[in-house]
Amino acid sequence: MIKKCDVVVIGGGPAGMAAALAADKKGAKVLLVERDGRLGGILNQCIHAGFGLHYFGEELTGPEYAHRFVLEVGKTDIEVLLNTMVLSLSDDRKLTALSPEFGLVHIEAGAVVLAMGCRERTAGAIALAGTRPAGIYTAGMAQKMCNVEGYLVGKRVVILGSGDIGLIMARRMTLEGAKVERVIELMPYSSGLKRNIVQCLEDFGIPIDYSHTVTRVVGKPRMEGLYYAPVGADRKPVLSEEKFIECDCLLLSVGLIPENDLLTDTSVEIASVTSGAVVDERRMTSVKGVFSCGNVLHVHDLVDNVSHEAETAGAAAADYAFGKYSPSAVRYRVNAGKGVRYALPQLLNAGEGEAEIFYRVDNVYRNPKIVVESGGKTLCSKKRPVLAPGEMEKVTLNLTSVTGDVTLRLEM
Amino acid sequence: MSYDVMVVGGGIVGCAVADRLARLDLSVILLERDDDVASYATRANSGIVHAGYDCEPGTAKARFNVRGNAMMWNLAEELDVPCRKCGSLVVAPEEGLEGLEELKRKADSNGVVTEILDREGTLKKEPNVSDNVAYALYAPEAGVISPYQLAIALADRAVLNGAEVVTEAEVTAISRENNLWRAHTPKGTFDAKYVVNCAGPEAAAVNGFVGEEVYETEYRRGDYFVLDNTEGKNVSTVIFPLPTAAGKGILVAPTADGNVIYGPTSVPTYDGDTAVTAEALDEIRRSVPLTYARPAFNKCIRIYCGVRTVIGHDFIIRKSDRAENFVMACGICSPGLTSAPAIAEYIEELLVSCGMERRPKADAVTVMPRKLRLESLSEERLNTLVKENPAWGKIVCRCEKVTEAEIVEAIHSPVPATTVDAVKRRVRAGMGRCQGGFCATRVMEIISRETGMPLDEIRKGIGHSEIAVLAVKEADYD
């Protein structure tokens with residue numbers, strides 16, 4: 001089967017739905033491809049509240065947030081393919097997908113929006129030593145088991161890593177009757193949101209050990225406990241201070257990786273820091289007509305930001321499909337300077353209007369100043385009480401003032 | 001229930017023996033301790049089909065390795081098991097030439113084709129050997145195979161040919177009843193005229209049940225890294241260092257399924273210790289760069305550890321001179337995987353010499369039905385399959401592109417897969433870079449639907465490894 005459209009959106013989570021709606025609003029014929037049996041993506045398993053404060057100005061659960069977009073999609077002519085997995089993508093925007101309804105589907109699109117989200121780093125990826133028993137799961141899998149299937153995966157739980165899903169699951173499993181012994185974080189700071197540290201750990205008296213790591217897991221076929229130890233400046237465990245905790249479950253919240261495996265056969269440039277595409281302010285990648293947004297581009301803390309970013313990408317994709325968008329001849333690089341881990345977009349088209357630059361810092365800084373420079377001028381300089389890696393920040397630039405490559409850096 | 005032959009142990013040797021005997025006009029039963037065949041050494045080794053150049057000439061290892069290699073490729077074709085005859089290189093620095101020449105002499109006396117290559121010749125076979133590699137011993141007959149898929153396919157064929165495979169049936173004692181051997185297991189007792197002991201780490205203990213020699217057994221752990229399949233393109237052959245007394249050394253190899261492995265270590269341990277240690281991982285991190293120029297430890301998707309069962313310096317494959325109709329295969333460490341088909345062939349001879357009648361079964365299955373894999377299907381064929389069964393159009397494991405239809409088939413295969421790990425070993429769902437993070441729950445749902453087992457009884461693998469331990473809102477902690 002062959003399907004032709006102006007814009008194909010890969011992934012029907014929050015990013016994909018917002019991108020599809022934005023493209024539709026521009027009059028594009030949109031195809032939205034989702035591998036699961038329903039739209040909403042990972043939001044469907046995030047039954048806690050805290051979504052939508054920025055986008056809707058009210059506090060929603062994940063499924064509620066997703067549902068608002070599902071209803072909007074239902075009001076449009078957007079064609080949705082469920083249970084359909086995109087198998088290949090080429091630079092000339094030809095895709096193949098597999099669907100239980102149509103078999104192999106060939107898609108030819110004027111523009112492509114990548115919105116595949118991210119996956120969790122695993123025990124294997126961090127080469128976690130010890131046995132490999134039942135009881136070691138990613139926090140997201142435990143979340144799905146708990147909130148969708150209705151089962152807990154452990155009774156005495158330790159969480160390695162302080163990513164937001166891990167923190168959320170610390171609270172969730174506690175509420176469901178499990179005992180969460182502690183959270184162990186390799187770094188001297190959390191990679192999650194401050195509000196989650198407060199609401200999910202401190203409010204429940206769950207301790208967090210910073211600068212610690214799990215050294216090995218014991219037990220077979222079920223986990224019986226684990227050893228953990230403080231780490232030195234080299235982040236290697238100090239084994240003489242190793243301690244044992246009895247537990248039947250270790251949840252991992254040790255990082256999220258944009259799922260860009262589909263790009264193998266394309267020439268989309270990938271940024272090594274984000275593991276997502278290099279994009280301009282309209283979220284176009286290095287391959288013309290291919291756009292990226294949401295967690296497949298860079299991992300966000302808040303779905304509200306994902307929706308906004310996806311709307312930018314979706315609208316730009318429709319413009320591209322209609323021949324109304326092409327990158328300018330002059331483009332500036334956005335560089336991450338001292339104290340800044342990454343800044344996105346990485347490219348700016350010379351022109352008019354405003355552009356938001358999102359960035360993350362590489363450590364916890366108190367009273368730093370974020371300084372943005374371009375063409376030898378300081379475009380902005382803002383003092384902040386605290387900046388932490390777990391919180392994405394942004395600055396807004398007036399594009400007319402950008403006259404050369406842009407650098408974001410911190411001044412202490 | 002009484003059988004002609006009882007095979008104790010469902011590792012690679014036990015499965016090969018059961019498969020071979022099931023094609024004769026005999027009733028065969030295989031008793032396996034764990035929840036699935038291929039659950040111990042067979043599932044956690046290097047998966048190398050060794051050429052046979054490094055075995056001491058004149059040993060059982062040399063004999064069975066060389067014969068096993070010759071049998072393997074056709075066997076894999078019959079059974080539709082992934083394999084690649086990719087050749088192997090033992091690489092050495094400038095001063096290692098003498099060691100390679102000694103290996104070459106062993107190869108010659110074992111009748112194994114090898115060739116010593118200089119650096120230029122080596123680079124033609126494997127562009128990514130490390131800079132200090134000056135020479136290599138090339139063995140074109142070597143390759144890789146999926147060891148657990150081979151054992152499972154052998155067991156499946158045995159079942160199709162009438163054998164019975166009983167899992168979670170650890171033999172805890174053997175008694176003599178009415179001129180038959182009686183095995184006592186948690187699943188009841190089983191009687192047979194002949195017993196073949198292929199019990200791997202427990203083989204010495206099983207010998208003891210019938211008054212045979214309880215061999216002193218050593219166990220040696222081997223730890224591995226598994227790399228993402230994006231690394232597969234960087235490794236064309238199996239790369240060994242020069243062997244030492246401890247074994248063949250830490251290798252870099254493609255796997256039959258397209259990944260790459262680094263390992264194994266060789267550390268004395270006790271039976272059942274498959275915990276990976278940080279020291280072992282560090283040893284591999286230090287060793288790999290000595291032979292391979294593109295180590296990519298950051299592409300690791302899994303680490304694992306297997307245990308070798310070592311008795312003296314050679315395999316012990318013989319019939320008992322103390323217990324009637326009792327045949328043993330003990331101390332089957334490396335190259336046990338490669339040797340397995342030849343060991344099974346020899347065990348059949350031993351049984352015949354005990355008086356077992358050898359009459360081929362008229363309608364025995366030899367060529368197994370081809371397993372359909374998404375990537376090898378033509379568009380037309382795929383569309384027809386999807387039309388007949390929409391499960392062919394539904395990808396469950398996105399990393400390895402495994403469809404629901406393949407998973408359902410695995411669950412209902414001759415040796416059924418009823419755990420998440422058993423499904424993973426058969427169709428690779430959960431073997432990819434997300435390690436089942438997305439698909440494990442869906443695999444559980446499918447197992448539950450297909451078998452009628454409730455979700456909280458679905459296990460990861462061996463023993464009490466249930467994944468769902470408590471229903472939400474029914475928690476009864478303390």
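1. A:Pro345 sits in the loop of chain A that runs between β22 (340–344) and β23 (347–349). Its peptide bond with A:Leu344 is cis, with omega about 5°. Bear in mind while checking this that the model is predicted.

2. Chain B has a cis bond to look at as well: B:Gly263 and B:Pro264 are joined by one, with omega about 0°. B:Pro264 belongs to the loop between β16 (260–263) and β17 (267–269) of chain B. For background, most peptide bonds are trans.

3. On to backbone angles. Most residues other than glycine have a negative phi. A:Asn367 is not a glycine, yet its phi is positive, about 50°. You'll find A:Asn367 in the chain A loop between β25 (365–366) and β26 (369–374). Its relative accessibility is 46%, so it counts as partly exposed.

4. B:Asn325 also deserves a look, with a positive phi near 55° in a residue other than glycine. The loop here lies between β19 (316–319) and β20 (326–330) of chain B. Is B:Asn325 buried or exposed? Buried, with a relative accessible area of 10%.

5. A:Glu149 is buried but has no salt bridge. The nearest side chain of opposite charge belongs to A:Lys144, 4.6 Å away, and a salt bridge would need the side-chain nitrogen within 4 Å of a carboxyl oxygen. Setting aside neighbours within four places in sequence, A:Glu149 touches A:Lys144 and, from chain B, B:Thr441, B:Glu445 and B:Leu455.

Notes: Residues are numbered from 1 along each chain as its sequence is written. Chains are lettered from A and ligands numbered from 1 in the order in which they are written. This is a predicted model: local features need pLDDT of at least 70, side-chain atom pairs count only at pLDDT 80 or more; totals for chains, interfaces and linings use all residues. Side-chain values use heavy atoms; hydrogens and water are left out. Buried means under 20% relative accessible area, exposed over 50%, partly exposed in between (1.4 Å probe, protein chains only). Lys and Arg count as positive and Asp and Glu as negative; His and the chain ends are not counted. Contact means heavy atoms within 4.5 Å. Helices (H or I, at least four residues) and strands (E, at least two) are DSSP runs, numbered from the N terminus.
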